[in-house]
Amino acid sequence: MPNWRQLARARLGGLSLDPDREDEIVTELAHHLEDLYEDWCQRGVAAEEATARALDAVPDWAELRREIQYAEQGDDAMNQRTRNLWLPGMVTLAFSWGLLRLFYWAGLRPRIIWMDEHAFLWFSLPWLLVLPTIGALGAYWSRRVGGRPWERLLAGAFPAVAMAILLILLFPIGLVKESRPLVTLLPALTAFLVCSVLIPGLALLLGVFPFLRNDQRESVAP
Amino acid sequence: MVAVSAEIKRGSAELAILALLAEQPLYGYEIAKRIERETHGALRFTVASLYPTLYRLEKRGWVKASWQASRSGRRRRYYRLTPEGKKQLVPLRAQWRLFFRALDRLAGVARA
């Protein structure tokens, strides 16, 4: 007979709960799986097949972990979103902009290449090099607290998303203020989009991708 | 096939569990088996749907759990209804009765 406790723990591992409570939950789930297994065995199903059928009772361990986490924390949907997305996202944003500022103070200023009177390209190599780590931090944090893949993606790429939102909000204002035809501002818009949204976004996503998959402990063989 | 909203599923699951526990304390596996048997398989609880619901009810103080020896002699975590749970079951039953009556009036669900 499989070691159901070990099996349940391996798949469910990573609940952010008090260790005693986590142990109690693992034990209870293991007992349920064991009862299911014995039921199948009593009906004449072979041990291996009975194990597989018992495990079918939990098609998605990551989802079960999330549901248990939510139930245990007694949260409503708003709190879940704050914990899974807004909080890690805001920390990612603060780290990202804070580091850019820090590099500036340390003399590692961004390189600026003027294209015309209004448009310029800018990049900071040290900043771009640390962005994957910051993206990974956001996505890992979101996954750790039970975030779904899209929440992890957004939490990790939050600084780039924030810049895109800022651009959408501020560009029309700039257009009115400058009172110039849109076509003359297009190079500036494109340069900002590439240097402040796309390239940092890609760097952040490099760190995010490994955390879009569920924890490997969920796919441990029986 | 018509998808049942998560809120309806969640609400009906809570009612089913509370109604069963009003009769006697049961452990998780027994609850799942009893619900399946008594609804002739129409309602089925998987591990993924049963335990989060139980933990939610426990968190609200509607059920209380304790480890006890089962009939087989093994220790199982038995759930029993608390006085607060009993109090909640009354309006919950009334709400669901009202809900089904309303659906019946509207769409003839009972005769469908």
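User: In this predicted model, what share of the contacts in chain A between residues at least 6 apart in sequence joins residues at least 24 apart?

Analyst: The share is 71% of those contacts in chain A. A contact is counted here when two C-beta atoms lie within 7 Å.

User: What is the secondary structure of chain A, and in what pattern does it run?

Analyst: Chain A has nine helices and two strands, and along the sequence they follow the pattern α-α-α-α-α-β-β-α-α-α-α. Of its 222 residues, 31% count as buried, a label that requires 20 or more other C-beta atoms within 10 Å.

User: Which residues bring helix 6 of chain A and helix 9 of chain A together, and what is their class make-up?

Analyst: Helix 6 of chain A contributes residues including L128(A), L131(A), I134(A) and A139(A), and among those they meet in helix 9 of chain A are I199(A), A203(A), L206(A) and V208(A). By class, this contact has 13 nonpolar, three polar and no charged residues.

User: At what angle and axis distance do helix 7 of chain A and helix 9 of chain A pack, and what does that make them?

Analyst: Helix 7 (residues 149–156) and helix 9 (residues 182–208) of chain A pack at about 135°, with axes 9 Å apart. Since roughly antiparallel requires over 145 degrees and roughly perpendicular ends at 115, helix 7 of chain A is oblique to helix 9 of chain A. Their crossing is right-handed. R152(A), L153(A) and G156(A) in helix 7 of chain A meet L204(A), G207(A) and V208(A) in helix 9 of chain A. This contact has three nonpolar, two polar and one charged residues.

User: What makes G174(A) partly exposed?

Analyst: G174(A), found in helix 8 (residues 158–178) of chain A, has 14 other C-beta atoms within 10 Å. A residue is exposed at 12 or fewer and buried at 20 or more, so G174(A), with its 14, is partly exposed. G174(A) and L185(A) are 11 residues apart in sequence and 9.4 Å apart in space, C-alpha to C-alpha.

User: How many residues of chain B and chain A are in contact, and which elements of chain B take part?

Analyst: Contact involves 12 residues of chain B and 16 residues of chain A. On the side of chain B that touches chain A, helix 2 (28–38), helix 3 (47–60) and strand 3 (75–81) each supply at least two residues. Helix 3 of chain B gives the largest share, seven residues. By class, this side has six nonpolar, two polar and four charged residues.

User: Which residues of helix 2 of chain B are buried, and how do you know where they lie around its axis?

Analyst: The buried residues of helix 2 of chain B are G28(B), Y29(B), I31(B), A32(B) and I35(B). Viewed down the axis, they fall within an arc of 165°, so they line one face of the helix. After helix 2 of chain B comes H40(B), with a positive phi near 50°.

Note on methods
Residues numbered from 1 in each chain as written. Chains lettered and ligands numbered in written order. Predicted model: local features only at pLDDT ≥ 70, side-chain atom pairs only at ≥ 80, totals over all residues. Axes fitted to C-alpha atoms, helices over the stretch in contact; angles between N-to-C directions. Helix = DSSP H or I, 4+ residues; strand = E, 2+ residues; numbered from the N terminus. Parallel < 35°, antiparallel > 145°, perpendicular 65-115°, else oblique. Left-handed = near helix turned anticlockwise from the far one by under 90°. Nonpolar A, V, L, I, M, F, W, Y, C, P; charged D, E, K, R; others polar. Arc of directions from axis to C-beta.
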